[in-house]
Amino acid sequence: MTKKSKIEVGEVNAYIVSWLKDYSAKSKTKGFVVGISGGVDSAVTSTICAQTGLPTLCVEMPIHQHLSHIERKKEHISFLKTKYSNVSSVQLDLSNLFDDFKDKMPECENEEKKHLALANSRARLRMTTLYYLAGIHGYLVAGTGNKVEDFGVGFFTKYGDGGVDLSPIADLMKSDVYALGNYLGIPKSIQDAAPTDGLFGDTRTDEDQLGASYDELEWAMLANENKEKEEGFSAREREVFAIYNKLNTINQHKMNPIPVCIIPKNN
């Protein structure tokens, strides 16, 4: 199920850069803040933001982070600063803040729910940090989610990494993001790294959590959109299709607008 991007990378790159510049001008903001994870999505997003020529602040926010993630973050930021004079960076270690938060929370007997809630809390602490920095500089928080994550399986934290001002790559499949990363010259260590959300402080990958690779989920998303019949699927394809549909269903609350209770008007 290996997917190959079909986009014209140069044209797409130029379009997103222009879109970002236009949005910033219309919103009367001065630049962009991007959380750097050490993965390809944040690397591509921050590079495209840097290409606008507007100030681009890259933020490292380790919370008991695995060393490999930290090394890739630093490599990417160094790569950006070498190429773009408008890029700056800051490292804010949130480990102690997270520990204080965790210590003040009530005990939970369900360990699985506790670990997931704490993982999501990491993402929300980072979101709060990005918005603080955006607020003091007059910048926009640029999201780093791709189409499979944001609109396929909902693999993001509500009001965490899903809390952004604009989403430059959310209409791109993961294969498109990799194609753009290669075009932009993103460090190979990042292009080759297994995707991970880094929310658990270990080496677990997105595939470990989702049960399928992004290539497989991208295939399932397209198969669902094209209303393909399961009868023609292989055993693994049926398994992946079930995973995709389950995640797409249970995560609709993330992907849809927040429901508003509309009070009926009296005639």
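The following legends describe close-up views of a predicted model.

**View 1. Overall fold of the predicted protein.** Twelve helices and four strands make up the protein. Along the principal axes, the C-alpha atoms fill a box of roughly 60 × 55 × 50 Å.

**View 2. The open sheet of four strands.** The strands are arranged in the order S3-S2-S1-S4, and their pairing is parallel. S3 and S4 (139-141) are the edge strands, each of which pairs on one side only. From one strand to the next, the twist averages 25°. Strands of a sheet pair through backbone hydrogen bonds, in either a parallel or an antiparallel manner.

**View 3. Pairing of strands S2 and S3.** Strand S2 (residues 56-60) is joined to strand S3 (residues 87-91) by five bridges in the parallel sense. Within this pair, Cys58 stands opposite Ser89 of S3.

**View 4. The β-α-β unit formed by S2, H3 and S3.** Helix H3 (residues 67-83) belongs, together with S2 and S3, to a β-α-β unit that is right-handed. The two strands of this unit, S2 and S3, pair in the parallel sense.

**View 5. Packing of helices H10 and H11.** Helix H10 (residues 214-225) packs with helix H11 (residues 235-250) at an angle of about 80°, and their axes are 9 Å apart. Because angles of 65 to 115 degrees count as roughly perpendicular, H10 and H11 are described as roughly perpendicular to each other. On the H10 side, the contact is made by Glu216, Leu217, Trp219, Ala220, Met221, Ala223 and Asn224. H11 contributes Arg236, Glu237, Val240, Phe241, Ile243, Tyr244 and Asn245. Of the residues in the contact of H10 with H11, nine are nonpolar, two are polar and three are charged.

Key:
Residues numbered from 1 in each chain as written. Predicted model: local features only at pLDDT ≥ 70, side-chain atom pairs only at ≥ 80, totals over all residues. Heavy atoms only, no water. Axes fitted to C-alpha atoms, helices over the stretch in contact; angles between N-to-C directions. Parallel < 35°, antiparallel > 145°, perpendicular 65-115°, else oblique. Contact = heavy atoms within 4.5 Å. Nonpolar A, V, L, I, M, F, W, Y, C, P; charged D, E, K, R; others polar. Pairing = 2+ DSSP bridges. Right-handed = clockwise from strand over helix to strand, strands pointing away.
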